[in-house]
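Hello,

Here is the structure I promised to pass on to you. Have a look at it first, and then read on for what turned up.

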Amino acid sequence: MRLQEFWSRLEAHFGSMRAQSVARDHVFAALGGRTATDAIEAGLPVRRVWLAICEEYDVPPRDR
């Protein structure tokens, strides 16, 4: 998954304002206690970050 696709999916699911908050403010245990943006900056695969968000927010499997 590319970073652009990550942001597109995040905004499609949460809306543009909430997507920014989910990515920058929410700390995910599955990402080592990091936010999504911190995890991506630390080098974690974007797909792994997206799946952590999906698990935390119960995104339907068809949208993962």
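**Salt bridges and a threonine**

Searching the whole structure, which is a predicted model, turns up two salt bridges. As background, side chains of opposite charge can pair when their charged atoms come close.

One of the salt bridges links the side chains of arginine 9 and glutamate 5, with 2.8 Å from N to O. Both residues belong to helix 1 (residues 3-14), where they sit four residues apart, or about one turn of the helix. Arginine 9 counts as partly exposed because its relative accessibility is 26%, and glutamate 5 is also partly exposed, at 34%.

In the other salt bridge, the side chain of glutamate 55 meets that of arginine 64 at 2.5 Å, N to O. How exposed are these two? Glutamate 55 has 52% relative accessibility, so it counts as exposed, while arginine 64 has a relative accessible area of 24% and is partly exposed.

Now for threonine 35, which you will find in the loop between helix 2 (16-25) and helix 3 (36-41). Is threonine 35 buried or exposed? Its relative accessibility is 7%, so threonine 35 counts as buried.

The side chain of threonine 35 makes a polar contact of 3.3 Å with the side chain of threonine 37. That threonine 35 side chain also reaches the backbone nitrogen of aspartate 38, at 3.1 Å. If you set aside neighbours within four places in sequence, the residues in contact with threonine 35 include Ala23, Arg24, His26 and Phe28.

Enjoy exploring it!

Best wishes

Technical notes: Residues numbered from 1 in each chain as written. Predicted model: local features only at pLDDT ≥ 70, side-chain atom pairs only at ≥ 80, totals over all residues. Heavy atoms only, no water. Salt bridge = Lys/Arg side-chain N within 4 Å of Asp/Glu carboxyl O. Helix = DSSP H or I, 4+ residues; strand = E, 2+ residues; numbered from the N terminus. Buried < 20%, exposed > 50% of the residue type's maximum accessible area, 1.4 Å probe, protein only. Polar contact = N/O pair within 3.5 Å; in protein donor to acceptor, adjacent residues only side chain to side chain. Contact = heavy atoms within 4.5 Å.
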